[in-house]
Each structure stands twice: as structure tokens, then as C-alpha cells.
Amino acid sequence: MTKASGSLQELRRRIYRKAKSDKTHRFWGLFVHIAKRETLEEAYRIAKRNGGAPGIDGLSFADIEASAPGVFLAEIQADLKTGRYEPKPNRRVEIPKSNGKVRVLQVPCIRDRVVQGALKLILEAVFEADFCPNSYGFRPKRSPHRALAEVRRSVLRRMSMVVDVDLSRYFDTIQHSTLLDKIAKRIQDPQVLRLVKQVIKAGKVGVPQGGPFSPLAANIYLNEIDWMFDEIRRKTAQGPYEAVNYHRFADDIVITVSGHHTKRGWAERALLRLREQLVPLGVELNTEKTTVVDTLHGDAFGFLGFDLRRVRKRAGNGYFIRMTPKKKARQAIKAKIRDIIRHGGSTPAVKLIAKLNAAVAGWVNYLRVGNASRAFSEVRDYLEMKVRTLLTRRKRRQKRSVGWRRWSNEYLYGVLGLYWDWKTRPLSGAEEFA
């Protein structure tokens, strides 16, 4: 759960313990906690820390801080308590994809982000007690690296057949009525249910990506499928070895199946079972990208930005899982570098380098657990080239080269402070995340 402080954290612990001990309990009286000043302040703090562009009203965090954050939160609290609160329409942002299509983010205004954050802080304590261990996305003490470690463990433990699942426009296909029914199984507070309905209806279709409540709603929606596959895992286990395992991070799903000849056809049956369970939810598989892969033949599958492939060790017997950053991950950071430099304007070089460093550091820290040396070299060379080109252009010198002699590595890294920590680090074992 998102860490809060003081009495709010203790409240969330009490809610979680009650939900964990009584799986049939329906909570009431939660709205008063959502509308508390302490909850709204924590939601505002989290939203401010995460940053993000203004919503449709154009109001930024700088604007709020420059006036009176206390008054801003007091107005939200008053609107919630009196029932006057109405979300504003989300601002649509289209992000180009590698296939020429676009992914649409719907950015709520800061006021609505605070309300969604407060709603999530309270409801998260309830539903975290219900979530299945095989779901890793946007949950406490879980991370993409843990999900990768668990998938690697499954493949190395004889589950060599992999169903690489791709859901088609998952967030856009979440049905409002079905989601509300699932939430109502645990919540009987009409004010909370009304607030949830307001939040999801603001996006018109599905659950809008870009708001604090979206990840929680996505996990609630698929939770029953998570538990169904966990039951299959337990039923098909043979001694210490599992025949089927399932791993989900938001809408990224991998199903691993034993490659033993007695389990021939199980991978296809698992995919069929998943499709049958998704139909009532209105969620569809992307048939072009959903594939069944046999890792014993050296085939690769994708998960959370990596291509995973079973490879023989150079020395000795045995195999390991090579995880290389996907091509689109490299393309994405290059596009980010170009965008920062293109919109740098007359920003001093040191400040521009600081922005580049922040973007690159996050990318490197995520991917460094894989076999990323070659990808890191490619991106590092590209970053140096773009910075040298920028410096040459700013000096208005004739551009005969990208400035290797004019702008040495000592200048880039020693004077300007360009990011330099490109070391890879082994991914921890799954048991270390437990």
C-alpha cells in the first residue's frame, strides 16, 4: 500500500486487517475518511511528488503553491462533504506507438487527482487484502523486477512453454457496471460508490489511464482471473514443481507451462481458458501479439520491456535466462533525449544536462538488471553525440563534426556532469523479493 503517516497509516492498517480476517465483510462509513483533511493532504503530497502536466483547467502545482494550498484542499473537502463535487473532463494526451498507432492518456486536473488519490488511499487498504500473490503491478513491496524474477524462476523450473499474452486496449475495455459490482462486493457505502462512479465516468469509456485510481481499478477487475490461475497452479503442481504458473503486471500477462511431453497442448488450453474468462469482462486478446513460445527451441518472449530467452551457459552445464532491453525501449529513451534537447531553448547547459540525467537515470536503473551492456553503449553514444551537437550549435561554429575534439569526455562528464553510471547489476532471485 502507498505509505502514509501517523493516524492515516494506522487507519489503513486496521482496514487491511479487518479485510484480511473477514473475506465477506462489506465496509461502510469509509467516505468520512476519504474526505478527511489528513487524507486529502497525503493525496496532494503524493500527486505533487509524482508531478505531471496540468489538466484541462490549466492549473499547475506551481500555481497552487504560489497561492494557498490550504485553501485549495479546504475547497475540495467542502465539495466532497456537501455532495457538490463533480470531476472535470480529462485532458486527452496522445502518445505515438511504434506501430504507428497512438496510446491515449487522460490526464485529470490536479483537483481530481487529489480526490482520486484520497479514494485510492482508503480503498487500497481493503482490496490489497483480496489480491492474489501472482499480481505484481502497482502494489506494495512488489515491483516489475520482482515480476521478472518470478517469470525467470518459472521458466528455469521446467516450465519452458510460455504464453505471451497481449490484451487489446485493456483500460479502455473495462466495463463500468462490472467494475462497480466488483467493488460493491466489499463496499456498501453509497457515497463511496457514487464517488467511484464519478471518477470512472469522467473518462466516458473504460477507466482512464493517467489518474491515481486507474491502477487499483485495473487490479480489481482481473483479480478473480488471477485467483483462478493460482488454483490451477496448485492443482497441477507435482511435488515441489509446478506445471502451470501465471504472472501479471497490470495488463502485461505471462503464463508458463511445463514442457514435459505429458503436458503437450496445455499451453494452448491455458490460453483458451484465459480467453473464456475475459469474454464476460469485455476484454479481448490481441491475437496478433499473443503467442505461444517454446523456450527450449531458443524462442524469445517479451515481458515488461525485456525480451527473455533461454540460453546455454558458456562455462559448464545448464542454462540461464538472457534478458535484453526491447528495441522500442531504446527508441523511447532516444526520443526522450531528442525531446528534451529540442525544447531546451536557451536553458543553460548544466540545467539541460540535469534534465537529461534524470530521464536517463530512470531508464538505466530499470533496465540495468538485464543483459543491457550493448543497449547501454548504444544509448550512451547517442546521448554524447546529441549533447556535443547541441554545444557545437550553441557556439555557432561550423559543424564539421559532432565536436569530439572540442567537447571531450572530460568536459562532458567532469564539467557538465553528464550521467555516467551505466553499470549492469544482476537481477535478484525471486526468493529475495519475498
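How many cavities of 30 Å³ or more does the structure hold? The structure holds 2 of them; a cavity is a set of points on a 1 Å grid over the protein atoms alone where a 1.4 Å probe fits but cannot get out. The model is predicted, with local features requiring pLDDT of at least 70 and side-chain atom pairs counting only at pLDDT 80 or more, while totals for chains, interfaces and linings use all residues. Residues are numbered from 1 along each chain as its sequence is written, and side-chain values use heavy atoms, with hydrogens and water left out.

**Cavities**

- Tyr85, Pro87, Lys88, Asn90, Pro108, Asp112, Gln116, Val199 and Ala202 line the largest cavity, where lining residues have an atom within 4 Å of a point.
- This lining comprises 5 nonpolar, 2 polar and 2 charged residues; Ala, Val, Leu, Ile, Met, Phe, Trp, Tyr, Cys and Pro count as nonpolar, Asp, Glu, Lys and Arg as charged, and the others, Gly among them, as polar.

**Second largest pocket**

- The second largest pocket contains about 600 Å³ of space, a pocket being an open set with protein on both sides within 12 Å along at least five of seven lines.
- Its lining has 24 residues, and Arg322, Met323, Gly370, Asn371 and Ala372 lie nearest the centre.
- Two or more lining residues are given by each of β9 (306-312), β10 (319-325) and α15 (373-394), with β10 giving the most, 6 residues.
- By class, the pocket lining has 10 nonpolar, 5 polar and 9 charged residues.

**Helix packing: α6 with α10**

- Helix α6 (residues 110-127) and helix α10 (residues 190-201) have axes that come within 11 Å and cross at roughly 130°; axes are lines fitted to C-alpha atoms, for helices over the stretch in contact, and angles run from 0 to 180 degrees between N-to-C directions.
- The two helices α6 and α10 are therefore oblique to each other, given that angles under 35 degrees count as roughly parallel, over 145 as roughly antiparallel, 65 to 115 as roughly perpendicular and the rest as oblique.
- Val115, Gln116, Leu119 and Leu123 of α6 make the contact with Val192, Leu195, Val196 and Val199 of α10, contact meaning heavy atoms within 4.5 Å.
- The residues of this contact divide into 7 nonpolar, 1 polar and no charged.

- Helix α3 (residues 37-50) packs against helix α5 (residues 69-82) at an angle of about 125°, with the axes 10 Å apart, which makes α3 oblique to α5.
- Arg37, Leu40, Glu41 and Tyr44 of α3 touch Gly70, Phe72, Leu73, Ala74, Ile76, Gln77 and Leu80 of α5.
- The axes of α5 and α6 come within 11 Å and cross at roughly 60°.
- In that pairing, Phe72, Leu73, Ile76, Asp79 and Leu80 of α5 meet Ile110, Arg111, Val114 and Val115 of α6, a contact with 7 nonpolar, no polar and 2 charged residues.

Methods: Points joined across faces, edges and corners; volume = space filled by probe spheres on them. Helix = DSSP H or I, 4+ residues; strand = E, 2+ residues; numbered from the N terminus.
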